[in-house]
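Please keep the sequence and the model in view while reading.

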Amino acid sequence: MRLINVSEYKYETMVLAKPVYDSKKRILIAAGKSINPKVLDRVKQMGISYLFVEDEISKGIDIDDMLDMPKWTDCIQVIKEYFEQVRDEEEANILPVQRVADQLIEEVKKRPTLVTIPSGAIDQELQPYAHAVNVTILSLLTAKKMSYNNIQMKELALGSILHDIGKMITDEYSSHPEEGFNHLRSNRQISLMSAHIAYQHHETIDGKGAPRQLTDVLEVAQIAGVANNYENHISKEQLLPHQAMEAVMATSDVTYSFHVIQAFSQAVPTYPPGTKVKIASKEDGIVTRVQQHLQRPVVRVLSKGRDIDLADHPTLMIEPM
Ligand SMILES: [Fe+2]
Ligand SMILES: [Fe+2]
């Protein structure tokens, strides 16, 4: 299985490896099916930009370190309900959201890494909530690398899930961090630290962030800020994972602390399984697994059909194809 942009889809050679869901979380196209051009147009209209497919070169590749789709869509649904309760000024129930936070912490803890499913793989109506789930996973992976304890993980997870909750309270983009902060801090079941993540997630250490131009930005808020940027690079700008990683690395010591960027870059794989790559500037390959070293995956050389673990070959260069 591999992840492709919808524009790369080929009817003749590819079948879906994971289902496509509509905004009601119903399966629109099942795994194992190919998508005819008419249906593909509909998929594009739904704002779906990524597909998991199976084809000749992706045979035998499993992305084990990924949330399964039903779990992912369940989390998205819970977050959507909370966001809508806040938007409609109803009594918003935080308990299910806290359970999602616990679940995501568990998923991150039990695996070496977790590959995020791009929010572009789901109906656009659900994408803001998929973004929240992904930002949380990326934050937690970074925090795990930084040896955060359970309480800190929980505060970070809730703050990350709800970092954009202010957008449900105001239409004014510039006020969403503060509105989010006010909402979260008024709930006694949510720690003040989580509320500050919402308040500071657009602040940067150069003092050019928003809304308060802080220079002393909380570490947790920096983690969520970096995760937020990375997720937007992939989902909104449609950058590839290695390009998004490069963009994030460029912010080290400029807009975010070196140690935060370092932890992020060590926690999130640059070349997830299924990525087409070139090794040693000549051989075409595809990443089959990420095991010993996140940035040095196992690559199948397409011309020879055999796998090379780049962790054992430190001099072989890997580049995007
Ligand atoms: Fe935001
Ligand atoms: Fe965001």
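Predicted model: local features only at pLDDT ≥ 70, side-chain atom pairs only at ≥ 80, totals over all residues.

Helix H8 is mostly covered, with 14 of its 17 residues buried. From its first C-alpha to its last, H8 reaches 24 Å, close to the 24 Å expected at 1.5 Å a residue.

Helix H5 comprises the 12 residues 150-161, and at 1.5 Å a residue it should span 16 Å; its end C-alpha atoms are 16 Å apart, so expectation and model agree. The buried residues of H5 are Met-153, Glu-155, Leu-156, Ala-157, Leu-158, Gly-159, Ser-160 and Ile-161. Against which helices do the buried residues of H5 pack? Their partners are helix H2 (69-87), helix H3 (95-110), H4, helix H7 (192-200) and helix H8 (219-235).

The largest nonpolar core contains 73 residues. Those with the most contacts inside this core are Ile-79, Val-133, Leu-140, Leu-156, Ala-157, Ile-161 and Val-226. Helix H4, which covers residues 127-145, gives the most to the core, namely 10 residues. Because domain 1 (2-58) and domain 2 (69-267) both give residues to this core, it lies between them. A second, separate core has 9 residues, among them Tyr-271, Val-287, Val-299 and Ile-318. If residues up to four places away in sequence are not counted, Val-226 touches Val-248, Tyr-256, Val-260, Ile-261 and Phe-264.

The division into domains may now be considered as a whole. The protein is divided into domain 1 (2-58), domain 2 (69-267) and domain 3 (276-320). The C-alpha centres of domain 1 and domain 2 lie 27 Å apart. Contact between these two domains involves 12 residues of domain 1 and 13 residues of domain 2. On the side of domain 1 that touches domain 2, the residues divide into 5 nonpolar, 4 polar and 3 charged.

A database annotation can be set beside this division. An unreviewed UniProt entry places the feature "domain: HD" at residues 129-231. Over residues 129-231 the chain is 59% helix and 0% strand. The end C-alpha atoms of this stretch are 12 Å apart.

Is Tyr-199 buried or exposed? A residue is classed as buried if 20 or more other C-beta atoms lie within 10 Å of its own. Tyr-199 has 26 other C-beta atoms within 10 Å and is therefore buried. Leaving aside neighbours within four places in sequence, Tyr-199 is in contact with Pro-177, Glu-178, Gly-180 and Phe-181. Of these, Gly-180 is 19 residues from Tyr-199 along the chain, and the C-alpha atoms of the two are separated by 6.7 Å.

Phi of Gln-213 is near 50°, a positive value in a residue other than glycine. Gln-213 counts as exposed because it has 11 C-beta neighbours inside 10 Å.

A positive phi is also found at Lys-25, where the angle is near 70° in a residue other than glycine. Lys-25 lies in the loop between strand S3 (20-21) and strand S4 (27-29). With 15 C-beta neighbours inside 10 Å, Lys-25 counts as partly exposed.

The tour ends beyond H8. Leu-240 lies in the loop between H8 and H9, and with 18 C-beta neighbours inside 10 Å it counts as partly exposed. The C-alpha atoms of Leu-240 and Thr-270, which are 30 residues apart along the chain, are separated by 9.1 Å. Gln-243 is placed in helix H9, residues 241-249. Gln-243 has 15 C-beta neighbours inside 10 Å and so counts as partly exposed. Between the C-alpha atoms of Gln-243 and Tyr-230, 13 residues apart along the chain, the separation is 9.6 Å.

Key
Residues numbered from 1 in each chain as written. Chains lettered and ligands numbered in written order. UniProt positions renumbered as here; feature names shortened; annotations may be inferred. Helix = DSSP H or I, 4+ residues; strand = E, 2+ residues; numbered from the N terminus. Core = buried A, V, L, I, M, F, W, Y, C linked by C-beta atoms within 7 Å. Buried ≥ 20, exposed ≤ 12 C-beta atoms within 10 Å, placed from the backbone. Domains from an automatic or database assignment. Contact = placed C-beta atoms within 7 Å. Nonpolar A, V, L, I, M, F, W, Y, C, P; charged D, E, K, R; others polar. Expected span 1.5 Å × (residues − 1).
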